[in-house]
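Work through the exercises below with the sequence and the model side by side. Try each task before reading its solution.

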Amino acid sequence: RQELVRSSASGDYYSYEEQIPYGSKSMIPCSEGLIIHNEGQGDILYFVEENTGEIVELFSVNCIVSTSAVNVHDCYAYLSLIRYSEWGELQLGVKSDPDDEVNGTYRINLKDYSVEKISSDIYTGMFIFDDSGIFACKNEGTIYKLDFDGNVLQKID
């Protein structure tokens, strides 16, 4: 069993298990604290504030399951997601509504926690190597270079 905990300077442990629901978690350190990506769930993104250890829910959606990609640049978290909110035929698999306005790519300010949808495009991976932009890939394998406002700068074949 895996559990997300922090320890104080005196050695006391504090568990975040009650605040961050079940899911496959990954951690992304950033200058403001720690991003927790709860992949596959509706409770998708959390932030652990560096100085206080306080947990802030940054992004959640009502769904059966979700697919999402996250990365961080400067004081922003970038999240791209598709949510599946219906069961498939005979309860096999899940379906996503192609007109679902929630699906897309978001920029989340890690200072004031504001959320802004910057694109309706859905990316399965987002990679940031420097200040020049985001390399984002789609499910079919196409790679795009985006600016930090979600605009496509270049399609890479």
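**Exercise 1. In which strand does threonine 105 lie?**

Threonine 105 lies in strand β11. Strands here are DSSP runs (E, at least two residues) and are numbered from the N terminus. Before going on, note that this is a predicted model, where local features need pLDDT of at least 70, side-chain atom pairs count only at pLDDT 80 or more, and totals for chains, interfaces and linings use all residues. Residues are numbered from 1 along each chain as its sequence is written, and side-chain values use heavy atoms, with hydrogens and water left out.

Now find out whether threonine 105 is buried or exposed.

Step 1. Take the cut-offs: buried means under 20% relative accessible area, exposed over 50%, and partly exposed in between (1.4 Å probe, protein chains only).
Step 2. Threonine 105 has 2% relative accessibility, so it counts as buried.
Step 3. List its contacts, that is, heavy atoms within 4.5 Å. Leaving aside neighbours within four places in sequence, the contacts of threonine 105 include Leu79, Ser80, Asp121, Tyr123 and Met126.
Step 4. A polar atom of the threonine 105 side chain lies 2.8 Å from the backbone oxygen of aspartate 121.

**Exercise 2. Describe the largest nonpolar core.**

Step 1. A nonpolar core is a set of buried Ala, Val, Leu, Ile, Met, Phe, Trp, Tyr and Cys residues joined through side-chain atoms within 4.5 Å.
Step 2. Find the members that touch the most others. The largest core has 18 residues, and these members are Ile35, Leu45, Leu58, Phe59, Leu79 and Leu110.
Step 3. Trace the strands. At least two residues each come from β3 (24–30), β5 (43–49), β6 (55–60), β7 (65–73), β8 (76–84) and β11 (104–109).
Step 4. Look elsewhere. A second, separate core has 11 residues, among them Ala69, Met126, Ile128 and Phe148.
Step 5. Zoom in on isoleucine 35. Beyond its neighbours within four places in sequence, isoleucine 35 contacts residues including Met27, Leu45, Phe47, Leu58 and Leu110.

**Exercise 3. Work out the order of the open sheet of four strands.**

Step 1. Apply the rule: two strands pair if DSSP finds at least two bridges between them.
Step 2. Read the order. It is β13-β14-β15-β16, with antiparallel pairing.
Step 3. β13 (125–127) and β16 (152–156) each pair on one side only.
Step 4. Count bridges. Four join β14 (residues 134–137) to β15 (residues 143–146), with alanine 136 opposite tyrosine 144. β15 and β16 also pair over four bridges, and isoleucine 143 has isoleucine 156 as its bridge partner in β16.
Step 5. Inspect the hairpin. Five residues lie between β15 and β16, and glycine 150 in the turn has a positive phi of about 85°.

**Exercise 4. How are the rings of phenylalanine 47 and tyrosine 113 arranged?**

Step 1. Recall the cut-offs. Rings of Phe, Tyr and Trp (its six-membered ring) pair if their centres lie within 6.5 Å; planes under 30 degrees apart are stacked, over 60 edge-to-face, and the rest tilted.
Step 2. Count the pairs. The structure holds six.
Step 3. Classify this one. Phenylalanine 47 and tyrosine 113 are 5.9 Å apart centre to centre, with 55° between the planes: tilted.
Step 4. Locate the partners. Phenylalanine 47 is in strand β5 and tyrosine 113 in the loop between β11 and β12, 66 residues apart.
Step 5. Check burial. Phenylalanine 47, at 1% relative accessibility, is buried, whereas tyrosine 113, at 30%, is partly exposed.

Methods. Polar contact = N/O pair within 3.5 Å; in protein donor to acceptor, adjacent residues only side chain to side chain.
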